[in-house]
Amino acid sequence: MLTNNSRYCPLFFLIFFSNFICAQNTANGKIIDTKTNKEITGVDIFINDSNKPVFTTSTGSFSVQSDSIIYKLKFLRKSYALQSVTITPENASNLIIKLSQEKVSNIEEVVIHNEKPKYKNKKENPAYAIMQEVWKRKRNNGLDKFDTYTYKEYEKIQFDANNLDSAFMKKKIFNKLDFIFDYADSTASGKMGLPIFLNEAIYENYGENKPSKKTKKLLVAQKTSGFQDNQIVTLTAKNLYRDINIYDNTLNYFDIGFPSPVGTDGFSTYDYNLIDTISMRGENAYKIRYQPKRTEVLAFQGYLFIDTDTYAVLGATLKSTQRINVNFINAISTELEYDNPDENTFLPKKFVTEIEMTLFSKKKTSKSIIAKRSVDYSQYDFNKPLDAKIFTRKEEEYDDKFVDKDDAYWVKARPDSLSKTEQGVYDMLDKLQQTPKFNRIVKLYETLGSGYYNITKGIDLGPIFSVYGTNEVEGDRIRLGARTYFTRNDPWRVQFYTAYGFKDQQLKYGVEAKYMFNRVNRFMIGAGTRRDVMQLGVQLTNDDGIMSRSFASSTVFARGENASLSSVNQTNIFTSIEPWKNFQIRVDGTMQSIKSANPDGFSLMYYRNGDLRKTLNDSHVTVSLIARPGAKFSQTGIDRYEHGTLAPTIVLKYTRGIEGLFNGDFNYNKLQFMFYKPVLIGSWGKTLINFEAGKNFDTVPLALQNVIPGNQSYSLATNTFAQLNYYEFVADTYTTLHLEHHFNGKILSYIPLIKKLKLREVTFIRGAYGTLSDASKKINVEGFKYSAPNEHIYYEYGFGIENIGFGNLRIFRVDFNWRGNYLDRPDISTFGIKAGFQVGF
């Protein structure tokens, strides 16, 4: 089974686009001391006549890039004379730069350490004393101390590709697309690069801390190179990045935790070395180099710049190690700048993050995507009265035209003007969209990413991953479906599917229509109906949505025979609204009839008023409260694509069955609760928590009972019990808890040879407890078969190995599951292996 997470599928599209990448002139070489011939680090490098260094070296080697031609490089390091070198295409590679020491009569600052000094203990390390002061005076975001605040945010995301060569450019895929190389430049190594995507955005941020806490981030302008309607590229661009605070103990990249070098437990992961004192934006700063004690762990290396008087972080560089163990990622680097208005707070000034992505190889020469995001924060204003209407969501803010601005606006709004290659990407992508071949390529990867294939304007076929399945009742099953799709922000949608089982020779179908009246509070209505064979009891807190995929159709390989399938005829109408952001109220009205799809092997027969019934008629109303605090979405239409976050999901549901309404057989009341949350545990990885509880307050037959979810397939299925059979445990009242921890390879990285495989370990434990009344057993003809886990808490435990694959493509996972108790039951499995794909970082 494919564990599908739509926010990660676009990565495959972008990796393909490493065929279309932005060239830059480069120069590289080594810097050594004239007398000793030893390599020199900490050298500022200036390009041409610029007065600002392009970067400061951390090793003896350097490599610089520029959007314009490099004709001169200057090298400057404290205690060394300035060195200037003329650059030509012939000498741009493998330069040897020799710096001569200046005669200095008196050096009052800290002595430079080119090599890591050895200390008997960390207290002898001067960097440790400095970091202790940083921890004592840990600063908070200054926005929290003011009654009100406003500031402007400029964000630029650009995707470039590198390491193209002439042989690659001659491939057939570029027939009729070769004009794109007019926008590329040759580098000194003979390779080429090409821009493929550029997105600019301007945000206005508003905040109020007193008398109540309110925030609003308003997108006021956006400019995208050729992909305004492309759900794949734009989603990927926004989804790669997370907001980070250097003072936190754990930094979130791709929802994976990296230890912060400024965190209070930094010394457990990093070695620190005081390099120098420098002047940074007019402030004296300690320059501290840090690097991980073990290169196999997920950690950074780089420099910290600490104010010598206040011990505030003025800036930091974070660069991944060469052995970074993250899917699709070759390297990460981030540069942070902070302003410090007082001794207790900081304000973000500028963040620049660069991510290198490839699909297969981690070699530096492999073709890759360079995804760069720069954010400039400016125009801070504090304690000015804010109109309450500012925090009110308005309809016009959700209009596509709201963010359209002319070129004159952008020239004024940008902190810095665009480079030549950045200006060219807009023109190039506009031309590409007029090319049929390019549009066919985009269409192919949109299909793989979304699961739907567009056949004509407004009509998509799919989902393509649901076409085939098999089960005991239907045998081989074929499912075909379609949906309306005009733009990513459609206010209405119609979907349908039809399925056919070659064993039961029955035609199944489902159709649903939804319409949204208001983009602000997302007030919508919908209705649908379906007739299908389904595996009930594989989800506790389920929904009444008609287009939910049938679990039975996805089971290709199963553990033992599964005859416990149901035939369901269901009609549903619903309405929902979000009165507050990320808080939804939904009301469903459902009428359904349920009977066994395999009467000879699975009985749903029950007694009602002394009569024996084989078909359950049910009419019920469900009120659901769904909270997603912190969740982020990229579209405003009827369907939204969610960005990757650590946002929790909290659901409270009340269901009322109504006897007599549309021949409903029972009055009943059911209450259910669910809580799901991923939690980063520092350098130890990520824990997934899923807790559910519920109660039926009335006696109902098996078809309406709470079934502890089992999984008799050999594939991974979230929030199910791997060693339970379907319908093995049934409960009026239940609680379940699933804990799954991903160590991200921390333990396996200690094992020689094994660590080279870059496997990651997973551990998990699952538990369920519940009760089932005698009345609930007696109402079913075969009620004697069913019981709840009320003697002991039923539990399972095990471990898994994930990140199985090769190169940067490691998306396979295998779990080993053990059943903890209730081992005397017939036809159970005490041990099992599950496997599947996880498309993610």
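**Close-up views of a predicted model**

View 1. Met280 has Glu283 of strand 17 as its bridge partner. The model shown here is predicted. Strand 16 covers residues 270–280, and strand 17 covers residues 283–292. The two strands run antiparallel, with 10 bridges joining them.

**View 2. The turn of the hairpin.** Strand 16 and strand 17 make a hairpin, and 2 residues lie between them. Arg281 sits in this turn. The phi of Arg281 is positive, at about 50 degrees.

**View 3. Cover over strand 16.** Strand 16 is mostly covered. Of its 11 residues, 8 are buried.

**View 4. A nonpolar patch on the surface.** Ten side chains can be picked out by name: Leu444, Leu448, Tyr453, Ile455, Leu461, Ile464, Phe465, Val467, Tyr468 and Leu480 form the patch. Together they have about 860 Å² of accessible area. Helix 7 (436–450) supplies at least two residues of the patch, and so does strand 23 (453–456).

**View 5. Leu444 in the patch.** Leu444 belongs to helix 7 and is one of the residues that form the nonpolar patch. Is Leu444 buried, exposed or partly exposed? Leu444 counts as partly exposed because its relative accessibility is 46%. That value falls between the cut-offs of under 20% for buried and over 50% for exposed.

**View 6. The whole chain, for context.** The protein chain holds 8 helices and 44 strands. It has 841 residues, and 53% of them count as buried. The chain exposes about 38600 Å². Carbon and sulfur atoms supply 54% of that area.

Terms used. Residues are numbered from 1 along each chain as its sequence is written. This is a predicted model: local features need pLDDT of at least 70, side-chain atom pairs count only at pLDDT 80 or more; totals for chains, interfaces and linings use all residues. Side-chain values use heavy atoms; hydrogens and water are left out. Patches are made of residues with over 30% relative accessible area and no salt bridge: like charges are joined within 9 Å, nonpolar side chains (Val, Leu, Ile, Met, Phe, Trp, Tyr) within 5 Å. Accessible areas come from the Shrake-Rupley method with a 1.4 Å probe; for residues, only the protein chains shown count as cover. A salt bridge is a side-chain nitrogen of Lys or Arg within 4 Å of a carboxyl oxygen of Asp or Glu. Helices (H or I, at least four residues) and strands (E, at least two) are DSSP runs, numbered from the N terminus. Buried means under 20% relative accessible area, exposed over 50%, partly exposed in between (1.4 Å probe, protein chains only). Two strands pair if DSSP finds at least two bridges between them.
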